[in-house]
Amino acid sequence: MPCWYELSWREKETAILLRVHKDFIATIERLVSGKPDLPLFDIIAGLRGSLGFEKFTLSFNENFGFNDAFLHVGEKDGFAEFLIKIPEVQKYTDEICPECKGSGNDKHFNGECSWCHGKGKHLVFDWKSAYAISASFTVFSMLARFPDIKTSSNMSQLLTIETKTNKEMHGGSLWGIYSPMLCKWLVSIGETEIPEVVLAMEKAYGKMFGIHGFYEDEFRAHNNSGWLIIDCPGDRTGIHPSTVWSDKGCEFSCHNVDSPVQQITLIAGLAALHDKGKNF
Ligand SMILES: [Zn+2]
């Protein structure tokens, strides 16, 4: 199938770039315009209400999604481009840590304050920006599941992703399809790690949640002739093939993706995989 959207990893900006083909945008606009009764709009309202977003934009000519999560940065070669900046989820404010009153020391034991990790500053979690990205992907992936048309792009669709967003356990699921072309490349490279995928995930996770640091061996992208296992920090969290390779490609699904941080980390890895597969 000719490409209707693609992902790319932007190391320098610590961001995912989503590129959406203009032919596909035209079909979405036809699909949704003047149809406020579509179930899609109930889902959007539900996500907005449950996660407390201020706004939602269903347009590809401006910032797309919840709270401007997908920044419209222009158009190139027939694709509208959206920069999805990885947010800081865990971050220090300028206020002093309420537990150690700014000393950075534990009140009861020798050693650093476990609330602020010895910094003396108030450490907070800002989940909303991560949920806004996750929920925007969820809406986008519902629209992008079946393109309905063949775009005029001369590139092939290399992979598709679908996501789910809610505050429950396993609330950050993702799944999708690696195209036959991508599978063929994965088969051809034999048994190997794919370091670009690991590096993108480390960078994304580090931006969101990296205040404590992490163990490098928690990130993995191991390909065994088309059988690709991608792992990120969590309880054996990651994505794996769920069907064997065929002329339709290979489906993948996830295990224990509980938070939007893990979900976004894995999408960053898939974006880097897309870059590498595309340049093959
Ligand atoms: Zn403290």
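Two strands are taken as paired here if DSSP finds at least two bridges between them. In this predicted model, that criterion gives an open sheet of seven strands, in the order β9-β10-β15-β14-β13-β12-β11, with antiparallel pairing. At the edges stand β9 and β11 (191-193); each has a single partner strand, so one side of each is left without a neighbour in the sheet. Direction ignored, neighbouring strands of this sheet are turned by 15 degrees against each other on average.

At one of them, three bridges join β11 to β12 (residues 220-224), and the two strands run antiparallel. E193 has H222 in β12 as its bridge partner. Two helices pack on this sheet. Helix α4 (residues 180-188) touches β9, β10 (174-178), β12, β13 (227-231) and β15 (250-255), and its direction makes about 80 degrees with that of β10. Helix α6 touches β9, β10, β12, β13 and β14 (238-241), and its direction makes about 170 degrees with that of β9.

Although β9 is an edge strand, β9 is mostly covered, with four of its five residues buried.

A second open sheet has four strands in the order β1-β2-β6-β5, again with antiparallel pairing. Its edge strands are β1 (5-10) and β5, each of which pairs on one side only. From one strand to the next the twist averages 25 degrees. Within this sheet, strand β2 (residues 15-21) pairs with β6 over seven bridges in the antiparallel sense, and the bridge partner of L17 in β6 is L83. On the β5 side, five bridges join β5 (residues 71-76) to β6, and these strands also run antiparallel. E75 stands opposite A80 in β6. The hairpin of β5 and β6 has two residues between the strands, and D77 in this hairpin takes a positive phi near 50 degrees.

Next come the helices α3 and α5. Helix α3 (residues 128-143) has 16 residues and reaches 23 Å from its first C-alpha to its last, close to the 22 Å expected at 1.5 Å a residue. Its buried residues are A130, Y131, A132, I133, S134, A135, S136, F137, T138, V139 and F140. The elements that cover these buried residues include strands β4 (65-66), β6 (79-85) and β9 (159-163), along with helices α2 (39-51), α5 (195-209) and α6 (260-278). Among them are β6, a member of the four-stranded sheet, and β9, a member of the seven-stranded sheet.

Helix α5 should span 21 Å for its 15 residues at 1.5 Å a residue, which agrees with the 20 Å between its end C-alpha atoms. The buried set consists of V197, V198, A200, M201, E202, K203, A204, Y205, K207, M208 and F209.

Finally, the domain assignment gives domain 1 (5-88 + 126-278) and domain 2 (90-125). Their C-alpha centres lie 35 Å apart. Six residues from domain 1 and five residues from domain 2 make up the contact. On the domain 1 side, the residues that touch domain 2 divide into three nonpolar, one polar and two charged.

Note on methods
Residues numbered from 1 in each chain as written. Predicted model: local features only at pLDDT ≥ 70, side-chain atom pairs only at ≥ 80, totals over all residues. Expected span 1.5 Å × (residues − 1). Buried ≥ 20, exposed ≤ 12 C-beta atoms within 10 Å, placed from the backbone. Domains from an automatic or database assignment. Nonpolar A, V, L, I, M, F, W, Y, C, P; charged D, E, K, R; others polar. Axes fitted to C-alpha atoms, helices over the stretch in contact; angles between N-to-C directions.
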